[in-house]
Amino acid sequence: MSEDNVTLHTDGTSKKRHHFISYLASTSSGTVALSLSDIHAETSDVMVKEAEEALKGLTELLTLNDQDKQEEVQEMLLKVKNTMTDRASVNKAFVRKFAEWRADVLPKVLPYWNNLSEPIRADLIRINDLYCGKHLVLNLQEYAQSALYEWEKVEEDGKLGREKHIVWNRGNESATMLAVRSICNCLGPDADPQSGYSFEFNVHLEDRFQERSHLQEFRGNRFNIPFENSTAVYFHIPHIKSLFQSYKESERNRLVKSCLWDLEENVVLAGIRAMAMLERQITTPLMKMLESTIHVMDTSSYYTQTLQKIKQYMLDPTELMHGQTVLFEDFPPEKDKLWDSLYLPVTEELEDLTQQAVIIISHSLCLCMQRQLQDHLPGGKFHQPSQAIRQETKSSPKHNLAPEYMFSHLDRKKREMPNANTITIEGLVLWSMNSTLDFLDDIDSSKATELIQKARKNRKNALQLYRQRRIEIRQHTSEKLRALEMRKKEHDVKKMEDIISFTEKATEYLLCKSPSDISTMEEIIREKHSGVTEKEIGRIMENALKSQLRYYKSVNTSTKLDSKLFHLSHNSIPHPKSQLTQNLQTVLKFYNDSETARDEEEEASPTSQERDNSRLLQREALKRKYAFQPAAETTKKQKTTFPADNLIGKRISMKFKTKGKRHHFYKGTVIRRSTRFDMDNFMEEEDEKLIGQIDFYSIQFDGSEDLYVYPLQKEWDDGCLSLV
């Protein structure tokens, strides 16, 4: 690193529970990949250690001893002035610990440190923790999806779209985004290979409408895609309906029917239209701004404008609904035919639903921006940055996509080279991303040769370090598994102790088994504590009710029983006696009803002996179904001579009959005259009487690796054997 004010990028990912972390550095010359390595866990301590290893990796080609290399790492650490992350909780902790490490190193690197004033020291120590702007858009789409899910429950108290026709569990996904995703899965470029109509849709668009598809893949695209595909889907609604009108109802598969059912729902259409309007006038201008060449600190004013506009839509979205919003003058919305489709006349109901959807989504987006952009909004440290901060962040990108690109390389190499280890993939990825070949071509040939020779000499050391890392990862994983096993044992012991304790307390007066037992328990308490006040009786009764609830909670295994029934308080306020009694009555009624249903089911169900007999009969029927034997008795006799000497190595066809079915022909190859081993292991029992009378041959049928032994002369004479 020859420049100051370097921006350090980092991000992590997991592939099949295998963790990876990447580091890159941005300077005025561009972004350089530093390392891609596997780790045992993505924690802040591990990330700081890997950052140090990434910097050490830059010194490997320098002819230095260990002490000099450490000093070189500290010099490079001094040049790192900015970090760029997605602000996940682990990244926040990493930045804090990285800054502490750097602050500890500064006095060792700067000989004049003790002579500096406190303000200057503070400026040198300060790390500018920058936030990836595109992850803001990613979070906006997640908040919008959650808002739509809640809004749909208010607008339509029941099922939506396909849910009215088929059994469908969409979990926490909104019906709007389910429809958008399903249509892309049906008609998009990455359509389902069995149920998709991508090719037919493209042909239909070109022939009938002289149009092309605007749908995009969800896979491999993260930023702004839900918004952009909502716009594309709304534009293509007439085209989609036109395509499938030419198909009979019986020719439409379940995916097609689901998409059409979703598009019949006004609530779903309104959600799609609202997302599309926000894409055209909010999120896409934001993306254009983030991809422009403006200074990273200038994004604060754009973020502030965006938040102000969203707050306006929370109260009155008329401007958005009429397409009059120009969020940024230098990044105006694109007004094409997709834009025009959003503002075609619609029904009054759809217009009203769209407006309500925009208002609800805007509330959610406002909350997201206030949480994610505290540093850039009024009062934040980057809202009106000093000239020093602007200079320090001059070469910083506005997003953290560099690690995403590295992970996309990792995915591709993993598919192309499934057996390659991480250090091999790291070398290929760094070679590609850093344009190493171009660098070697640009420098003096002798210098290039020297660097290549050093890299070759360093290969052995790099492999040793990688193997040591793999051993450490395995040790950490092994320790983690042992810790999980120990924790499970401790949990089971604690649970059993709790059950014993709760049982003892619940049976102190009476273990309630039905709602009527609650009043009986109260009578026992009054009789046992006849000399105390009514207030004290009430307190004892409350404790007894709590003991009953704790007991039933400890033994409950049903997922159908609401867990809130076992709560003893709400918002830190203890439940009164009446609420505890009501909850316990509900629990006891549930168990009584379940016990009754179970008894009735047991009475109606067959006995174990009956089930065993039925299973035996089914097994025998299955054996008969797949059993086969030579069909000699139903065929005509052969009139030609059996070719005994010319049969070895020949292709044959044998006729068999399957019980209950017609005859079948099986082709195979005659391997040899059967040996004693073949006859002992592969011969049918019914053919044993022919031993010594005629020769047996070993056959391997097509599609099988097993040998079969048959008296082929008998099969030939019976007309069951022929040469192919």
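**A tour of salt bridges**

Start with Lys15: this residue is partly exposed, with a relative accessible area of 24%. Keep in mind that you are looking at a predicted model.

Zoom out to see where the two partners sit. Lys15 lies in strand β1 (residues 6-15), while Asp411 belongs to helix α16 (residues 401-416). They are 396 residues apart, so this pair links distant parts of the chain. Asp411 has 26% relative accessibility and counts as partly exposed, because buried means under 20% and exposed means over 50%.

Next, select Arg469 and Glu50. Here the closest N and O atoms of the salt bridge are 2.9 Å apart. Are these two residues buried or exposed? Both Arg469 and Glu50 are buried.

Move on to Arg126 and Asp123. These residues form a salt bridge too, with 2.9 Å between the closest N and O atoms. Colour the pair by accessibility. Arg126 is partly exposed at 23% relative accessible area. Asp123 is also partly exposed, at 41% relative accessibility.

For the next stop, pick four residues together: Glu522, Arg526, Glu534 and Lys577. Salt bridges that share partners join them into one network.

Finally, step back to the whole model. How many salt bridges does the count come to? The count is 41 salt bridges.

Technical notes: Residues are numbered from 1 along each chain as its sequence is written. This is a predicted model: local features need pLDDT of at least 70, side-chain atom pairs count only at pLDDT 80 or more; totals for chains, interfaces and linings use all residues. Side-chain values use heavy atoms; hydrogens and water are left out. A salt bridge is a side-chain nitrogen of Lys or Arg within 4 Å of a carboxyl oxygen of Asp or Glu. Helices (H or I, at least four residues) and strands (E, at least two) are DSSP runs, numbered from the N terminus. Buried means under 20% relative accessible area, exposed over 50%, partly exposed in between (1.4 Å probe, protein chains only).
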